[in-house]
Amino acid sequence: MTRRELAAAGITDPALRAAYTACRRLNARHGRTYFLATRLLPVERRPAVHALYGFARWADDIVDDLDSDATTAARAAALHRLSERLDTGLRLGRSPEPVVHALAHTARRYGIDHRHFTDFLASMRSDLEVTDYADYGELRRYMHGSAAVIGLQMLPVLGTVVPREEAAPHAAALGVAFQLTNFLRDVGEDLDRGRVYLPADLLAAHGVDRGLLLWSRATGRPDPRITEALRAAARLTRGVYREAAPGLAMLDPVSRPCIRTAFVLYGGILEAIADDGYACVHRRVVVPPVRRAAVALHGVVRVAAPRLAAARLRAGPARPERAHRHDTFAPTVEETTV
């Protein structure tokens, strides 16, 4: 967490500053797309987003870290401890655990409904027991806690120009769209964890089951039935993006470049999967760096334009000798570096 972001957010307590800094490190290390988009938010709102992401990342790592040899029972116990710390931290507004400390502060500051955090942990616990989903309705119920509530947690931080309840369904849908994109991208890695997140009935409609996916993963050989099933999953995911899209205009204008950039970058993952021939059972695709940079630059322009206009209004008519200066209102390196 940069000192500038913390100062802009009015966070002065040393322990709290350290807690937010820990969350930012989690975001920067694990959430490349998310972190990139977050850089387009006003500096005073970034710490809250890092706290929300840091908590989600921490819980997810307890469940899914492939580098850990922890048993299911050990993971369940760790989630239980986290849940207890969360309950106490939300009640008191503080915690000795840095990530929970930052989250509790953010929740109190922005009035975030505590149910969104408990629903999230419920879905994390289910990941320790549930390894597949019969149909999309069943999967969507799981994703309420694992993804939709992330959008709902973010909404008070982002701000809206309409009543929050009007924007909420679109924010929830965007969280679901992002997670469906991750499910499609990570089919192979999820198989390694013993899970299949694509609905079983969607797979079966194309002649695919867990056994065929495991065979393809183990042998590295493609199968046209799998390709068609993954293509259908991508169509389903694009439909959820369409559910989410009207919500972009409902956000506070200063937050729109961030979320629009995330929207485009995650959509780019779907494009990359298609360009790779839906081979995500065998390898994980990434959006090319040039594409990511171009989208980010477009977001920077969206951020800079209203700041430039506002600064000009404050300054009044430009003096002739300064009429062609552009550096006065340009974003700083810290604002644009991602």
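1. A helix here is a DSSP run of H or I at least four residues in length, numbered from the N terminus. With that settled, Tyr 136 lies in helix H8, which spans residues 136–158. Please keep in mind throughout that this is a predicted model.

2. Next, have a look at how H9 (residues 164–185) and H14 (residues 256–275) pack. Their axes come within 10 Å and cross at roughly 30°. H9 therefore counts as roughly parallel to H14, since angles under 35 degrees are classed that way. The crossing of H9 past H14 is left-handed.

3. Which residues make up this contact? From H9 come Leu 174, Phe 178, Thr 181, Asn 182, Leu 184 and Arg 185, and they meet Ile 259, Ala 262, Phe 263, Tyr 266, Ile 269, Leu 270 and Ile 273 of H14. By type, the residues of the contact are ten nonpolar, two polar and one charged.

4. Finally, a spot worth a click: Asp 186, in the loop between H9 and helix H10 (187–192). Is Asp 186 buried or exposed? Its relative accessibility is 10%, so Asp 186 counts as buried, the cut-off being under 20%. The side chain of Asp 186 is joined to that of Arg 284 by a polar contact of 2.9 Å.

Conventions: Residues are numbered from 1 along each chain as its sequence is written. This is a predicted model: local features need pLDDT of at least 70, side-chain atom pairs count only at pLDDT 80 or more; totals for chains, interfaces and linings use all residues. Side-chain values use heavy atoms; hydrogens and water are left out. Axes are lines fitted to C-alpha atoms, for helices over the stretch in contact, and angles run from 0 to 180 degrees between N-to-C directions. Helices (H or I, at least four residues) and strands (E, at least two) are DSSP runs, numbered from the N terminus. Angles under 35 degrees count as roughly parallel, over 145 as roughly antiparallel, 65 to 115 as roughly perpendicular and the rest as oblique. A crossing is left-handed if the near helix is turned anticlockwise from the far one by less than a right angle, and right-handed if clockwise. Contact means heavy atoms within 4.5 Å. Ala, Val, Leu, Ile, Met, Phe, Trp, Tyr, Cys and Pro count as nonpolar, Asp, Glu, Lys and Arg as charged, and the others, Gly among them, as polar. Buried means under 20% relative accessible area, exposed over 50%, partly exposed in between (1.4 Å probe, protein chains only). A polar contact is a pair of N or O atoms within 3.5 Å; within protein, one must be able to donate a hydrogen and the other to accept it, and residues adjacent in sequence count only if both atoms are side-chain atoms.
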